[in-house]
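Visitor: Could you walk me through this structure? I have not looked at it before, so please go slowly.

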Amino acid sequence: MAGSWPPGVTVTWTFGVSNILAQDLSAAVPPLEAGIMTWPAVCGVEVERVDDNRPVCVLVCFLSDLAEDPTVPPDQSARANWLSGTEAGLTDEPIDGATLPLKLRLNENVIGGWTYEKLLQVVMHEFGHALGFDHSPKRTPSCMEATLDQRVAS
Ligand SMILES: [Zn+2]
């Protein structure tokens, strides 16, 4: 797939600007980091959290309202799903030549109400999009694709 980062590349990430100020998000950090850290084992990229203002590949943001993120295209149904909590996360996908960083957005309803496991799964899924992976057409985990090349390239 166009834009996927090949094995061996280090994908850096940090927390971007969120619009949730009243909620303590510290409980969300361990499952979030665990979800991201699954990816080196899945497809061979390196993943590094960066906290010193260096430019990064992926920004992770907690958002209560998509409309408050000016980089999200206006889409009424997406916004309604976001506010109702049925949309758990939304992630930019890498495009060759595009300016980094990508954004991984998480709905505050998800952060507040979901279990460790569920949040880990959501973050893992969304970070997969940031790496350039699309939805599988079958209910088959990517790690069960037939060959390593297929897993990395598609
Ligand atoms: Zn998805």
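Visitor: How many helices and strands are there in the chain?
Guide: The secondary structure of the chain comes to 6 helices and 5 strands, where helices (H or I, at least four residues) and strands (E, at least two) are DSSP runs, numbered from the N terminus. Along the sequence they follow the pattern β-α-α-β-β-α-β-β-α-α-α.

Visitor: Before we go on, what should I keep in mind about the model?
Guide: This is a predicted model, in which local features need pLDDT of at least 70 and side-chain atom pairs count only at pLDDT 80 or more, while totals for chains, interfaces and linings use all residues. Residues are numbered from 1 along each chain as its sequence is written.

Visitor: OK, the strands then. In what order do they sit in the sheet?
Guide: The 5 strands form an open sheet in the order E2-E1-E3-E5-E4, with mixed pairing; two strands pair if DSSP finds at least two bridges between them. The edge strands are E2 and E4 (89–91), each of which pairs on one side only.

Visitor: And how much are neighbouring strands turned against each other?
Guide: On average by 20 degrees, direction ignored. For such angles, axes are lines fitted to C-alpha atoms, for helices over the stretch in contact, and angles run from 0 to 180 degrees between N-to-C directions.

Visitor: Which strands does E1 pair with, and over how many bridges?
Guide: E1 (residues 10–15) pairs with E2 (residues 46–49) in the parallel sense over 4 bridges, and Thr12 has Glu48 in E2 as its bridge partner. E1 is also joined to E3 (residues 58–63) by 3 bridges, again running parallel, with Thr14 partnered by Leu59 in E3.

Visitor: What about E3 and E5?
Guide: E3 and E5 (residues 102–107) pair in the parallel sense over 6 bridges, and Leu63 stands opposite Asn107 in E5.

Visitor: Is E3 enclosed or open, and why?
Guide: E3 is largely enclosed by the rest of the structure, because 5 of its 6 residues are buried. A residue is buried if 20 or more other C-beta atoms lie within 10 Å of its own, exposed if 12 or fewer, and partly exposed in between, with C-beta atoms placed from the backbone. Of the 154 residues of the chain, 27% count as buried.

Visitor: Which residues have the most contacts inside the largest nonpolar core?
Guide: They are Trp13, Val58, Leu104, Val123, Phe127 and Leu131, in a core that has 29 residues. A nonpolar core here is a set of buried Ala, Val, Leu, Ile, Met, Phe, Trp, Tyr and Cys residues joined through C-beta atoms within 7 Å. H5 gives the most to this core, with 6 residues.

Visitor: Tell me about H5, then. Where does it lie?
Guide: H5 lies across E3, E4 and E5, running at about 15 degrees to E4. Its buried residues are Leu119, Leu120, Val122, Val123, Glu126, Phe127, Gly128 and Ala130. Leaving out residues up to four places away in sequence, Phe127 touches Gly35, Ile36, Trp39 and Leu104, where contact requires that the C-beta atoms, placed from the backbone, lie within 7 Å.

Visitor: How far apart are the end C-alpha atoms of H5?
Guide: They are 21 Å apart, which agrees with the 21 Å that its 15 residues should span at 1.5 Å a residue, since the expected span is 1.5 Å times one less than the number of residues.

Visitor: Switching topic, what is the phi of Asn53?
Guide: Asn53 has a positive phi of about 70 degrees although it is not a glycine, whereas most residues other than glycine have a negative phi. Asn53 is placed in the loop between E2 and E3, and it counts as exposed because it has 7 C-beta neighbours inside 10 Å.

Visitor: And Gln76, buried or exposed?
Guide: Gln76, which is in helix H3 (residues 76–84), counts as exposed, with 8 C-beta neighbours inside 10 Å.

Note on methods: Two residues are in contact if their C-beta atoms, placed from the backbone, lie within 7 Å.
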